[in-house]
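We'll go from the whole chain down to a few single residues.

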Amino acid sequence: MIQTQLQHIKQRYGIVGNYEGLNRALEVALKIAPVDLSVLVTGENGAGKEIFPRIIHEHSARRARKYFAVNCGAIPEGTIDSELFGHEKGAFTGAIESREGYFAAADGGTLFLDEVGELPLSTQARLLRVLETGEYISVGSSTVRRTDVRIVAATNVDMDQAIARGRFREDLYYRLCAVRISVPPLRERGMDIDLLFRKFALEMSEKYRMPGPVRLDEAARRLLMAYAWPGNVRQLRNVAENMSVTCEERLVTADMLARYLPQAAPRQMVVSGDASADSEIDGKLGLLYQLFVELRHDVDALKARMGAAAGQQPAPQIGLLPAQPFAGAPAAAGFDGELAEAEELVEAAPGGVARMDDVERETIRRALERNRGNRKLAASEIGMSERTLYRKIKAYGLDK
């Protein structure tokens with residue numbers, strides 16, 4: 001019975017894959033949907049967390065009422081309270097009229113709070129009161145209002161660390177996490193990666209009446225399955241759609257696929273060093289790993305280009321972008337300092353953890369460069385909320 005229901009859910013919501021962790025998450029969503037409890041959906045950016053609140057709402061007693069999704073990480077800190085709880089006329093500069101917030105608009109229905117881990121502490125206190133009593137006060141008002149809203153929240157933040165560092169209220173966490181659903185990252189889903197790629201390629205082919213969907217040869221398929229997919233399903237879709245439009249050949253080789261994969265790295269990598277030496281490391285290891293792989297790529301490319309300039313045949317780089325040789329030996333003379341600097345950074349990255357801010361700054365700078373300044377795409381690529389990225393861009397002086 002449950003398998004039949006799962007297949008129906010997958011067809012209805014366009015969910016592709018048979019990974020056990022994904023099926024388990026769907027089963028939990030279906031079981032708790034009729035029970036009016038708060039739910040916390042956890043998982044990396046781009047993993048598909050936004051599907052689960054919709055499933056829960058549409059299989060609950062509230063399905064005939066309104067459903068609202070709010071991206072807490074994309075709303076400026078100064079206006080988040082107004083967006084959620086409403087405000088009175090004159091409550092702040094620019095408040096030319098009264099406005100109801102999402103808690104009033106969603107009364108009787110479901111409110112999905114995406115990136116809830118990015119909420120300011122003051123807003124967390126207001127949210128806790130709503131969850132405990134159903135009461136709230138609009139900004140600039142003294143009147144207590146009531147609402148009947150089911151909260152489904154989602155976050156990619158490590159909540160244990162956020163609580164330990166005083167960035168998230170422990171009492172609010174337990175209120176939100178009456179039931180927890182963990183969405184697995186794409187890199188763990190095995191054959192689902194290939195199935196999803198085929199789905200996205202076929203959709204593009206049918207939508208734009210192309211000669212046929214792009215297909216992967218065996219080597220390209222292995223590369224697809226080995227890639228870490230830091231942007232998860234969202235990144236895979238972008239790659240499939242980009243290839244569908246820009247590839248002249250319908251059969252894609254590994255070399256062709258590698259051009260669309262930034263830091264085409266294997267999904268696992270051993271990073272040496274004692275993480276306990278600095279408590280700040282835990283929250284930035286993902287960025288360190290990403291920058292380390294990219295720097296190693298830079299070193300390999302520089303070595304290949306030096307060899308080409310000296311008349312040597314460069315060794316093939318599996319899964320990396322092909323190196324572009326410089327036109328002439330004199331240019332190779334300037335490689336020494338650049339190569340030494342890159343190798344120093346690579347060798348220092350795993351163990352040299354004292355300058356994690358430098359690593360984070362460089363990772364953000366490179367992500368912005370790859371995405372041509374598009375902050376939303378850059379945030380998605382490195383697994384960071386838009387608001388956090390904006391704050392760090394300013395802090396690191398990258399907005400100049």
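What follows is a walk through the fold, starting with some ground rules.

This is a predicted model, so to speak of local features we ask for pLDDT of at least 70, and side-chain atom pairs count only at pLDDT 80 or more, while totals for chains, interfaces and linings use all residues. Residues are numbered from 1 along each chain as its sequence is written, and side-chain values use heavy atoms, with hydrogens and water left out.

Let's take the overall picture. The protein chain has 17 helices and nine strands; helices here are DSSP runs of H or I with at least four residues, strands are E runs of at least two, and both are numbered from the N terminus. Of the 400 residues in the protein chain, 48% are buried. Buried means under 20% relative accessible area, exposed means over 50%, and partly exposed is in between, using a 1.4 Å probe and protein chains only. Now for contacts, meaning heavy atoms within 4.5 Å. Among contacts in the protein chain with a separation of 6 or more, 73% are between residues 24 or more positions apart.

Next, the sheet. Five strands form an open sheet in the order β2-β3-β6-β1-β7, with parallel pairing. Two strands count as paired if DSSP finds at least two bridges between them. As a reminder, strands of a sheet pair through backbone hydrogen bonds, either parallel or antiparallel. β2 (67-71) and β7 (179-182) are the edge strands, each with a single partner, so one side of each has no neighbour in the sheet. From one strand to the next, the twist averages 15°.

Start at the β2 end. β2 and β3 pair in the parallel sense over five bridges, and F68 stands opposite L111 in β3. β3 then pairs with β6, also in the parallel sense, over four bridges; here L113 stands opposite A153 in β6. How many residues of strand β3 are buried? Five of the five residues in β3 (residues 110-114) are buried. Both of the faces of β3 are covered, with T110, F112 and D114 on one side and L111 and L113 on the other.

At the β7 end, strand β1 (residues 39-42) runs parallel to β7 and is joined to it by four bridges. V39 stands opposite V179 in β7. Helix α2 (residues 20-32) packs on the sheet, where it touches β1, β6 (150-155) and β7, and its direction makes about 155° with that of β7. Angles run from 0 to 180 degrees between N-to-C directions, and axes are lines fitted to C-alpha atoms, for helices over the stretch in contact.

Now look at a pair of helices. The axes of α1 (residues 2-13) and α3 (residues 51-58) come within 12 Å and cross at roughly 115°. I9, R12 and Y13 of α1 make the contact with I51, R54, I55 and E58 of α3. By class, that contact has four nonpolar, no polar and three charged residues. The nonpolar class is Ala, Val, Leu, Ile, Met, Phe, Trp, Tyr, Cys and Pro, the charged class is Asp, Glu, Lys and Arg, and the others, Gly among them, count as polar.

Back by the sheet, find A106 in the loop between α5 (102-105) and β3. A106 is buried, at 0% relative accessibility. A106 and K66 are 40 residues apart in sequence, yet 5.6 Å apart in space, C-alpha to C-alpha. Setting aside neighbours within four places in sequence, A106 is in contact with F68, L111, D148 and V149.

A quick word on cysteines. The structure holds zero disulfides, a disulfide being a pair of cysteine sulfur atoms within 2.5 Å. C72 is buried at 0% relative accessibility, and C177 is buried too, with a relative accessible area of 16%.

Finally, some backbone angles. Most residues other than glycine have a negative phi. Phi of R209, which is not a glycine, is positive at about 50°. R209 sits in the loop between α9 (192-207) and β8 (215-216). Is R209 buried or exposed? At 80% relative accessibility, R209 counts as exposed. N232 also has a positive phi, near 60°, but N232 lies in helix α11 (residues 232-246) and is buried at 0% relative accessibility.
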